[in-house]
Amino acid sequence: MSATNPTNPTSQPTRLRRGETFEGEIETLAYGGRGITKPGGYVVFVNGGLPGDTVRAEITKSKKGYAEAIATAIVTPSRDRLADVDIHQDEACPGASWQALSYKQQLAYKEEHVADALTRIGKLGDLSIDPIIGADQQWRYRNKVEYSFGEQDGELVLGFHPRGRWDEVLDIEDCHLSSEATNQARNEVLAWAKTEGLNAYDPRDHRGTLRNLVVREGRRTGQIQTRLVTSRANFPRPPVDLHTIIDGPSGSTSGPTGVLGEETLRERIFDLDIELSHDAFFQTNTEMAEKLYGLAAEYAGLTGREKLFDLFCGVGTIGLSLAGQAGQVWGLEIVPDAIENAKRNAKANNITNARFVAANARTGMRPLIEEAGRPDVVTIDPPRAGLSAKIVRRLIECEARRIVYISCNPTTLAPNAAQLVEAGYRLTRVRPVDMFPQTPHIECVAQFDLIGEVRYVESPTDRKRRERDERRQATKEARSK
Ligand SMILES: C[S@@+](CC[C@H](N)C(=O)[O-])C[C@H]1O[C@@H](n2cnc3c(N)ncnc32)[C@H](O)[C@@H]1O
């Protein structure tokens, strides 16, 4: 292990190189859940340690200013580790990397990470952050699980990749983040595959048949939907609802899908009956989705007259749950099947003031404004990557007096928030919601209010175009003199 030069404490910390091992105490958790330790002052992000643990770790990536490492052993466990969680347990359940932290501490870190992202990345001060809404159910809350097939000692297994190992799969008979019914569905498909003598697809040589099993659950309807993902191969009809075939080396689970059982998943949220096609997004924690949407409704503050845009609307759940409090709802979403679900969901629930459009937010927002007129209020719920600068500009063009931004990643919310503030919005309040106990994932809702007029911020392309036009105009005028 290396350190700063003790005779010269101001010397630069010595960089640790890939493959080197060291021991260090984890000081805190970074956004995303990795532990931070500073052997000799050099910052290392460690996968697999909690604050107060002294870990032995191996450097996996080394840069001048920091490195990444994986914990290979816990030398001294933190006093904060929950006594009933075995320190190796998270290896068997790689999705629950915070399970050794008390739930209270998990919530405190999540609150801190939201505040930190907005102040450090968004450079926003004077924040009003409402206290985090904790989850009712800390285990068995997931309504969707994506398992991978693999082989261990020549035997077929169905589970999850250990952290950082795309080519290995750990068998998991009971995933504690999902329901018993989901686990049973997984066990039945594995038993069938073993009886048929099928093998797993190997991503190293691209051979083999079975790739993934996706299990989704209607928590309120009790429906379980299974989708088997395989290479193209001949084998007896599988005992699943849907069968997706993937050609080639893609690691994706999306592809042409045949229907063998129930094609759509049915769920209830608030008092709405919802249908979902297999490639439509749905919030992974149904019970907490109601809390999230309830908070979005509170922040939207609708009075019954407003025109509401529900951007990135999925199967329409946010817009439909707010339709009774709005004049009109317009939903926009890129996945056409999700929009078909949203239209049918409106009809099934006798909602007549909601319209849905299948379009990319990047190109579809100007046509939407042309068709619907400008909205009073916008709800926007993008994927983890947040909004591109161009989509933020389109959002600003809506000139909505209020924007309610539902974010599953505070580090992408932060720069988007800064852009909205630059355009004349105030970040009125933010509140984290814990949709994913035992994991570092954070969801939050932010309310932006327009103060006065929108200030348009020119894009680099628009600026170049304007400067070119101004030059041409100046030349024309000079010639005509
Ligand atoms: C986090 S989900 C939110 C869905 C929905 N609001 C809900 O609560 O279930 C993000 C949604 O954005 C959609 N999406 C991703 N990129 C998009 C884009 N460029 N334009 C429009 N929709 C997009 C995804 O298909 C997905 O349904």
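Let me start with the ligand. Nineteen, written 19, is the count of residues that surround the ligand, and the closest are F281, F312, G314, I334 and A361. A residue belongs to that shell if its C-beta atom, placed from the backbone, lies within 6 Å of the molecule. Two elements, α5 (317-322) and α7 (361-372), each give two or more residues to the shell. Helices here are DSSP runs of H or I with at least four residues, strands are runs of E with at least two, and both are numbered from the N terminus. By class, the shell has 12 nonpolar, 4 polar and 3 charged residues. Nonpolar covers Ala, Val, Leu, Ile, Met, Phe, Trp, Tyr, Cys and Pro; charged covers Asp, Glu, Lys and Arg; the others, Gly among them, are polar.

A word on the source. This is a predicted model, in which local features need pLDDT of at least 70, side-chain atom pairs count only at pLDDT 80 or more, and totals for chains, interfaces and linings use all residues. Residues are numbered from 1 along each chain as its sequence is written.

Back to α7, and its packing. The axes of α7 and helix α8 (residues 389-397) come within 9 Å and cross at roughly 15°. So α7 is roughly parallel to α8, a word kept for angles under 35 degrees. Axes are lines fitted to C-alpha atoms, for helices over the stretch in contact, with angles from 0 to 180 degrees between N-to-C directions. The crossing is left-handed, that is, the near helix is turned anticlockwise from the far one by less than a right angle. On the α7 side, A361, R362, M365, R366 and I369 meet K390, I391, R394 and E397 of α8. That contact has 4 nonpolar, no polar and 5 charged residues. Contact means C-beta atoms, placed from the backbone, within 7 Å.

Next pair. Helix α9 (residues 410-422) and α2 have axes that come within 8 Å and cross at roughly 40°. This crossing is right-handed, clockwise in place of anticlockwise. From α2, H113, V114, A117, L118 and I121 meet P410, T411, L413, A414, P415 and A417 in α9. Here the classes are 9 nonpolar, 2 polar and no charged residues.

Last, R142, in the loop between α2 (103-121) and β7 (144-152). Is R142 buried or exposed? R142 counts as buried because it has 23 C-beta neighbours inside 10 Å; the cut-off is 20 or more. Beyond its neighbours within four places in sequence, R142 is in contact with L177, S178, T284 and N285.

Notes
Buried ≥ 20, exposed ≤ 12 C-beta atoms within 10 Å, placed from the backbone. Contact = placed C-beta atoms within 7 Å. Parallel < 35°, antiparallel > 145°, perpendicular 65-115°, else oblique.
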